[in-house]
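Welcome! Take a look at the model below, keep it open beside you, and try each task before you read its solution.

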Amino acid sequence: LATASARSRAGPAATPGGKAAAASIVEQVGVSWASALHGAASPSREGPPPPPPPEGRFALVPRPARLDHLQGGPAPHETPGMQSLPLLLFVLSDEQARREERRELDAVERAYEEVLGVDAQELLDLQETASLFRLMALTKGEQDRAPVGTVVVLVFAGTKPEELPHVCSKLVGRAPNASDAVTSRSWSDDADAALLSEWHWAISWEGRLAVCSVRAEGAFRFSTTLRQVLETTLRLDAAGRPMAQPPNSSEVATRLRLLPSFILEDWPQHQWRGLQLDCVRHYMQVEFIKKYLRAMAYYKANVFHWHLTDDQAWRLYIPKRPKLVKANKWSQEYYTTEMVREVVEFAASLFIKVLPTVETPGHALASLAAYPEIACEGDHFEVPKTRVGTYNDIMCVSKKELADFAQDVFEEVVKLFPHRFVHVGGDETPTLKWEHSDHVKAFAGKARLSNLGPDIMEAWYCFLGDLLGKYNRSIVMWDDHFARREWSVSRKCPGAEQSWVVQAWKLESPVGNEEYISRSFPFRTIASPMRNVYLDYPVASIDYNKTMAWRIAERGTKSALGGCATMWTEDSEPKDVGAKVYPRYLAVSERLWGGPVGARSSDGHHLAAEARPRALDESAFAASKRHCADEAPLSRDLGFKCGKFAHVEMERSPLWAGADVQTTMDVYALAFRPDRALDGDEESYFWAIAPTAGDKFLVSWLTQNRDPALRLGKWFSRLSAKTGAVDRPGDQLDNGDLSVAQWLPSSDNASRYELAWQLVGRFQGGSATADPSILEQGPVAAVQITCTVAQTKWMSLVEIFAEEGPGRPVPSLSDLPDRNSPPRRSAPSLGGAHRWPPQAPQMAVPPKPPPKPPPKPPSKPPIPPSKPPFPLPLPLGSSSSSPSSWPFPLPLPFPLSLPLPFPLTLPLP
């Protein structure tokens, strides 16, 4: 006890020195604390929980599984001498916890010191703790409980969680009873070990607070809850009035004593609660990543998906492959070994694991540019500045050079990242290069594979799984491969279902139904549906409510580990990240940690959406609004200002009133319908999926039947079109024309008018501006944008800007030709166009039928064809053919030493 001096920044300092130090503690706090673990406690006084005032509600994100209001004795602020008492923090642990989690306990101590603004008093073991408490009681002989303003954190690994509520209640002097000192679920299942490590049980009783857990991580999770309680909820002074300014260290003590009496029990619904950050398309400084991690921990996330390699750059330094980081043509920044270790250690102090993502075999132009020998063909590759689509050049599975490359890269990765999982990519991988590669064909023949697509991908995953398995690591991959795996892969990797983890962003069958994970999918999964948790997508597509409605997996799914929201940065610099992630990640954390309040049964599953309201905490939406306030820690301390909760739609600009809008482009979603480009709001836009050559966007008054006078058009002095939205600046139309249909005097009869289409501008840098001299020739009855060259990236049409010019003579309806008369210079037909509004009359040109939906996957694998659809070399040792039937002479002109991922004795399908 020589070092057991209570150090407080809020009260007078104690002098160390054995029993004298303990006596000094008692003199300062003015109250005894005896039999904290074994003695009697003051009786509780129960009653109906009165609803607290609105300013006293807890704004917790995510909300806890259990939060019960307890009615106790006199209000803490009415306790005599309360204001003069110091704030004390005790961190207690048993010998087993210290032996197994020494560093973790240090992290817990630092977390509570930061929240409370005091130094922790750490006691070596429970026996010495009880001795100190009894000494305190003998000195003063007063109440047998902790002093007001005391916080006790107990990590007791050597007991069952069912026993801790009784201990925790005694620590604050409340007599435990059957109604509250119990756990809300059973923890007998070994599969719940990951969730149990984060479980915690806390009680606030008449100005005293204690939290108990069986692992250090559980105690740490409550530190973030406590900070939210103190900083976003109880903004009150001693008289109960709201406090306007952020708290200082002395105000924290006051707020702690003003806490209402409650019991809080919490644990996560899912063990994998991830947030991703793409540091390739835009480099993120280490200090920014630390800030990102602190915000993650504040909302109880526990896995940081660190995207480190892609087509545009390779950000991770690999000593055996130094040319990788030099391939960063547009941005020279990368993460050194020391920087990576700094991030990993900082994350560990927040109980966050780091999952590195090394993209293979696609999204690999940066690695191919550095080491072209790992490609199937070519010796020079350009690294793009930003993403403009999906690239055909990928790693050449089958080559020895690629096997050596993978060995060098992943050997370093496992040294830097202690997490037992490594993400190896696998999304958006065109197989065209494989299908034309002699290397791949030879490998497929030797391994007795049936195709050069899914079979090769399966072989690659199997090879990486074996490679990383030697380091006790498992691979994580995107779900693209699994939409065809059941019927397209002829030789499946042994043990894959037990070792692989699938991150599902498409959720196509059989993985899911595009919204949630299917119960029948056998692989362990991480849900990341692009329609719910892609936080780089605009708010008009994914808003707070849509994220809150996210359903992770079908009920009864045992393989779903949890989920991960993604923050891709093709169009986001560091300054843009915060407003995109928040407030939507607040809803994500609600779904991943706990789900609907009061809707978890004893087995941890949700029973119903948004069950009974509770007296002490706000709704998820109200709490999130508080967290997005300027004075809340998210903005004040972490520097992340929230973006919009939802997009407010504007009405169509009066200039375009009555116009019919049509397009042949594929519309992404209703929120980005074509008339969003006519509302005068640059934050809303029309969003098209990868326009093809000849695709058009038409705004026309020519088809107007309700008001025929609109067919006369309008005189424009200015006309322009802009693509590339504020939140999607790269989604531009690279090649396109801007045309108008004008009423011009007829060449045959000057008193009559005829319709003529004229090219008025071309797109450059995502924008097109009309030639004013052409606009002066006649009133405009239609405006058309045409894509002249197909592009793989999407297009966001922000706005078509126009200004009406001074009044000019316009033709009358009688001067116009018949509606069905062809224009003098025709624009291409818009057959098959999408119209907006949908109920508008159809054009004279008959529309093409809607595209047929993609065929559903067969319920059973198809019967293999009698001949492979491409020339495959026969298996080695086959006697059914001579060497002359091979596509190249023997011996092979190149080494074929990539290890076969399958035993050749597996039965063929």
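This is a predicted model: local features need pLDDT of at least 70, side-chain atom pairs count only at pLDDT 80 or more; totals for chains, interfaces and linings use all residues.

Residues are numbered from 1 along each chain as its sequence is written, and side-chain values use heavy atoms, with hydrogens and water left out.

**Exercise 1. Find out how well strand β2 is covered, and which strand it pairs with.**

Step 1. Start with the terms. Helices (H or I, at least four residues) and strands (E, at least two) are DSSP runs, numbered from the N terminus. A residue is buried under 20% relative accessible area, exposed over 50%, and partly exposed in between (1.4 Å probe, protein chains only).

Step 2. Go along β2, residues 88–93: 6 of its 6 residues are buried.

Step 3. Now take the two faces. Leu88, Phe90 and Leu92 lie on one side, with Leu89, Val91 and Ser93 on the other, and both faces are covered.

Step 4. Look for the partner. Strands count as paired if DSSP finds at least two bridges between them. Strand β4 (residues 150–155) runs parallel to β2, and 6 bridges join them. One of the residues to look at is Leu89, whose bridge partner in β4 is Val151.

**Exercise 2. Work out the strand order of the open sheet of 5 strands, and which strands stand at its edges.**

Step 1. Recall a general point: strands of a sheet pair through backbone hydrogen bonds, either parallel or antiparallel.

Step 2. Read off the order: β17-β18-β25-β20-β23, with antiparallel pairing.

Step 3. Check the ends. β17 (666–667) and β23 (767–769) each have a single partner strand, so one side of each has no neighbour in the sheet.

**Exercise 3. Decide whether Arg221 is buried or exposed, and name its polar contact.**

Step 1. Locate the residue: Arg221 is in helix α7 (residues 216–232).

Step 2. Check the accessibility. Arg221 counts as buried because its relative accessibility is 0%.

Step 3. Look for a polar partner. A polar contact is a pair of N or O atoms within 3.5 Å; within protein, one must be able to donate a hydrogen and the other to accept it, and residues adjacent in sequence count only if both atoms are side-chain atoms. The side chains of Arg221 and Glu198 make such a contact, at 2.8 Å.

Step 4. Widen the view to contacts in general (heavy atoms within 4.5 Å). Leaving aside neighbours within four places in sequence, the residues in contact with Arg221 include His200, Arg273, Asn302 and Trp593.

**Exercise 4. Describe the largest nonpolar core and say which residues have the most contacts inside it.**

Step 1. Here is the term: a nonpolar core is a set of buried Ala, Val, Leu, Ile, Met, Phe, Trp, Tyr and Cys residues joined through side-chain atoms within 4.5 Å. In soluble globular proteins, nonpolar side chains tend to be buried together.

Step 2. The largest core has 159 residues, and Tyr292 and Trp306 have the most contacts inside it. Helix α16 (residues 454–469) gives the most to this core, with 10 residues.

Step 3. Not counting residues up to four places away in sequence, Trp306 touches Cys279, Tyr335, Pro356 and Phe417, among others. Cys279 is itself buried, with a relative accessible area of 0%.

Step 4. A second, separate core has 32 residues, among them Ala659, Leu719, Ile774 and Cys787.

**Exercise 5. Count the disulfides and compare the handedness of two of them.**

Step 1. A disulfide is a pair of cysteine sulfur atoms within 2.5 Å. The structure holds 4 of them.

Step 2. Take Cys168 and Cys212, joined with S to S 2.4 Å. The torsion about their S-S bond is about 110 degrees, so this disulfide is right-handed. Cys168 lies in helix α5 (residues 164–171) and Cys212 in strand β6 (residues 208–213), 44 residues apart.

Step 3. Next come Cys628 and Cys642, with sulfur atoms 2.1 Å apart. At -75 degrees about the S-S bond, their link is left-handed.

Step 4. Finally, number the bonded cysteines of the protein chain in sequence order: the pairing is 1-2, 3-4, 5-6, 7-8.
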